[in-house]
Amino acid sequence: MHHILRVVAALTVALLSLTAQADIQQKLDDLEPGASFELPPENLSSLAIRVSGVTVACSPETLIDGGGTGNAVKIEAEGVTLAGCRIRNWGTDLNELNAGVFISREASNTTVENNDLQGTAFGIWLDAAPDVTVRGNIIRGDATVRPNDRGNGIHLFNTTEALIEGNDIRQTRDAIYIETANGNKIRNNTMSDLRYGIHYMYSMDNLLEGNVTRGTRTGYALMQSKRLTVLNNRSENDENYGILMNFITQSVLRGNVVSGVSQGQTAGVSVSGAEGKAVFIYNSLYNTFENNLFRDSGVGIHLTAGSEDNEVFRNAFINNQRQVKYVALRTQEWSKDGEGNFWSDYLGWDRNQDGVGDVPYEPNDNVDRLLWTYPEAKILMFSPAVDTLRWVQEAFPVVKAAGVTDSHPLMSPPKMLQPESR
Amino acid sequence: MKKTDEFKKDVAENGESGLSRRRFLGATALAGAVGAAGLGGAVMTRESFAAAAKEAQNKIHVGPGELDEYYGFWSGGHQGEVRVLGIPSMRELMRIPVFNVDSATGWGITNESKDVLGHDNKFLNGDCHHPHVSMTDGRYDGKYLFINDKANTRVARIRLDIMKCDKITHIPNVQAIHGLRLQKVPHTKYVFCNAEYMIPHPNDGSDFSMENSYTMFNALDAETMEVAWQVIVDGNLDNTDADYTGKYAASTCYNSEKATDLAGTMRNDRDWVVVFNIERIEEAVKNGDFKTLGDSKVPVVDGRGKSRLTRYIPVPKNPHGVNTSPDGKYFIAAGKLSPTCTVIAIDKLDDVFDDKIGLRDVVVAEPELGLGPLHTTYDGRGNAYTTLFIDSQVAKWNIADAIKHYNGEKVNYLRQKLDVHYQPGHNHASLTESRDADGKWLVVLSKFSKDRFLPVGPLHAENDQLIDISGEEMKLVHDGPAFAEPHDCIMVRRDQIKTKKVYTRDDPYFASARAQAEKDGITLESDNKVIRDGNKVRVYMTSVAPMFGLTEFKVKQGDEVTVYVTNQDTIEDVTHGFSMVNHGVSMEISPQQTSSVTFIADKPGVNWYYCNWFCHALHMEMTGRMLVEKA
């Protein structure tokens, strides 16, 4: 009897909350376009917002619980705002693109801000909806799930004019994933403890500004895109690559600070051939690299495969194990209008005190070549034999290997970078 | 320390070439520096260093007069031929025309080649990617090599005893044959191949929508080269491979979305590997559970959705290559847009087909390797080598360790990452498609050579690099420029191929010439006669260096002339040619071969023919005249 009463009680509660839930969804569907609505301070299950122009906010005690399947919130109308909500426990099915917040194609002009999301599959999925703003959200992935079985924090599929700013993303698969999406702004996001900070493919005319990556397996992976503006981003202690550029053209990289990129590791074991590269430039042309700082990494800059006609000046290369790894056969001059870059291992002098070294800096002299081919020769770095080779190179320039030359190396880091350069 | 006057001596010694950079930077310079710095004892001595350098060189160096250890069969890509190289020298030994027209051998010109290409064939091009050698019990048997044609939807077979293409089959009701692999066990009964693009059915212009479009997985009988059956699938198909039991084959799909735009094909987080249950497919065909399409008689079964015949294993993301490990345990799919490879356990496939386990439960590892994984190959020692397109590297990793890592153990599965130049597609290790994978050589076929070679104008060669994988560490030993785009290659031990030195007279290659000669009462081996059949004239002649059996024959203007030449030489390498000046006629006749070519004698007067393959001291004198009477 007692048993039955308990069952009835449980059922009643369930029924009530179900009706309450159905109630909430009904209330949302019944809103006038442009109205505001605050979700009640209780646990709610998955919701869909189908009325245009509405602002849906949450009280501090509201919790939208996806129940472990599907999307937690699906936005299917334009001009919607979703703000201040805690969203948890949405589905784990990556094939179905389960997300904490799924923004459908027709949901243009959506704003998703100041929410707090935690779940396994995608955090916020933008499904080709234009003019979406995703701002100030905290997104956490599920650290108990294998990295490749998690979703990405914010996924931009084929969007335009999106603004992704001020989000704090951790422990998802990639923090921000962007593919075939043009004309977006991604700024001031903080990303750490995940696979790639910004995983960026085939997307043109985008702005990446002021983002920070820490402890990722590649800070910024930029691929097959044109006309990017990459400003003032930071990569701190990432693995493998700080900034990877493959087939990027006509872009500007300015004011970025990449430090401490370490060798790729699996289970704490480093792998040969995977040295940490502050910036890796492959098959990328007509770009401007200016006022960037690359420091304390395995390789400062790895330039390869026909990456030419880039302007590289006023950057600072400080204390990388190898400042420049240049794999090509043609010489490149890295300075502009009499201004080169700052190299922490530059041994030249500046007699006329104009702040520019009197002797060109060549990170790729023949000795470097020898060192790559026969690393055993490192032991000879400061030997008389090597000094002689260097001297011979000076005296007989005909034997110089093609490489990078900085004819106007700076005697100190550019002003803008000085605080970071200590 | 080497003094400056000793350097100057170097310059003098080098004479004309002056101070060469290679010498200056080479092992000698370093060895000299080491010796000079007096550190000989502590580090490598000059002698041991030079010995080590020489030893590394020895393995790749095949001296004049020496034979390579392996045959390498390369696809010619969109150039349409198959090339034979020696490994490790990477010397090109022969070219086998397949889908292209070859002036030297007369491929595409002779009647024998048209018997293979089809007498009504209009295609002068082909796009061949994946060469594979037939197997018995999972080991190369050296009998046939099969290759696909993506451009014109065909599969070709090459007889490896004479290294000539002997059959080409057009696959009906599909477009673009791309991924191709052979059944390994019990032997190559089937050639499996994917048609890459989805088309409407019927494809007659009445409906262009994707809704009614699909593509198919195809199996050809390796002996008859007829299409045995086709399987309709969801999504499209990319590469494929077969297992070591004969029960399963697997193909990757990168367009599960069925999108027609680029963005659309990338939307899904996971596309799939579709596994085919060959046993059940054969059963369905035997039981008559199939339909036919259009006028084709080929049985077509449906492998879409919830079918008994297929399982769609979700794999991230737009996967490309799929490769079977030589121990028969795994299908490994490369994730392309996902920096992972997905390892599928073949021994779990029975259970997934019986619905005892879920689709992803067959995945036993998904190691993260780097950006842009495309293809995987194996050394037979438990390691896999995967090309990374974006990183422009090859990653060597251990399969067992990747499985442990997937199960939560803190184990490193990566062994090494090696830079390649630049951006690799396929890679291929010696004997890797078979049980005998020996882990000696790895070829990485890179798509861009950029500045690795002397510049040759806007069109660049590709770069097929040879890497020594016999030791613990991969070592790049050779850059191999290649024309067009070889895509893939296969390496076979030299003892696995047995070729003929000369033809035998009963070779099926010229069976139709023999049949016609019999009808005309001609003995090819001895007769030099002209047979007139209305306005068709058949000229039969023998050739023995340095003479044609007929040095003169007469026809009327407008006659359709077919010349049959039978090479009666028995000596190896005395190949003759036949070229009729101003008629676009050229062909090869190798010892004991009969070749024939047909043309219209539309130019009255004297028309010279000559032997165009060098055969004899009096080769220049090996000529004849066709006398054409005015109409």
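Modeller: The lining of the second largest pocket divides into 15 nonpolar, seven polar and 15 charged residues. Here Ala, Val, Leu, Ile, Met, Phe, Trp, Tyr, Cys and Pro count as nonpolar, Asp, Glu, Lys and Arg as charged, and the others, Gly among them, as polar. This is a predicted model, where local features need pLDDT of at least 70, side-chain atom pairs count only at pLDDT 80 or more, and totals for chains, interfaces and linings use all residues. Residues are numbered from 1 along each chain as its sequence is written, chains are lettered from A in the order in which they are written, and side-chain values use heavy atoms, without hydrogens and water.

The pocket holds about 1,200 Å³ of space. A pocket is an open set of points on a 1 Å grid over the protein atoms alone, where a 1.4 Å probe fits, with protein on both sides within 12 Å along at least five of seven lines; lining residues have an atom within 4 Å of a point. Volume is the space filled by probe spheres set on the points. Of 37 lining residues, B:Leu93, B:Met94, B:Ile162, B:Met163 and B:Lys500 are closest to the centre.

β1, β2 (81-87) and β3 of chain B each give two or more residues to this lining. β3(B) gives the most, six. Strands are DSSP runs (E, at least two residues), numbered from the N terminus.

These strands sit in an open, antiparallel four-stranded sheet, ordered β3-β2-β1-β30 (chain B). Pairing takes at least two DSSP bridges. The edges are β3 (91-97) and β30 (489-493) of chain B. β1 (residues 70-75) of chain B pairs with β30(B) over five bridges. There, B:Tyr70 has B:Arg493 as its bridge partner.
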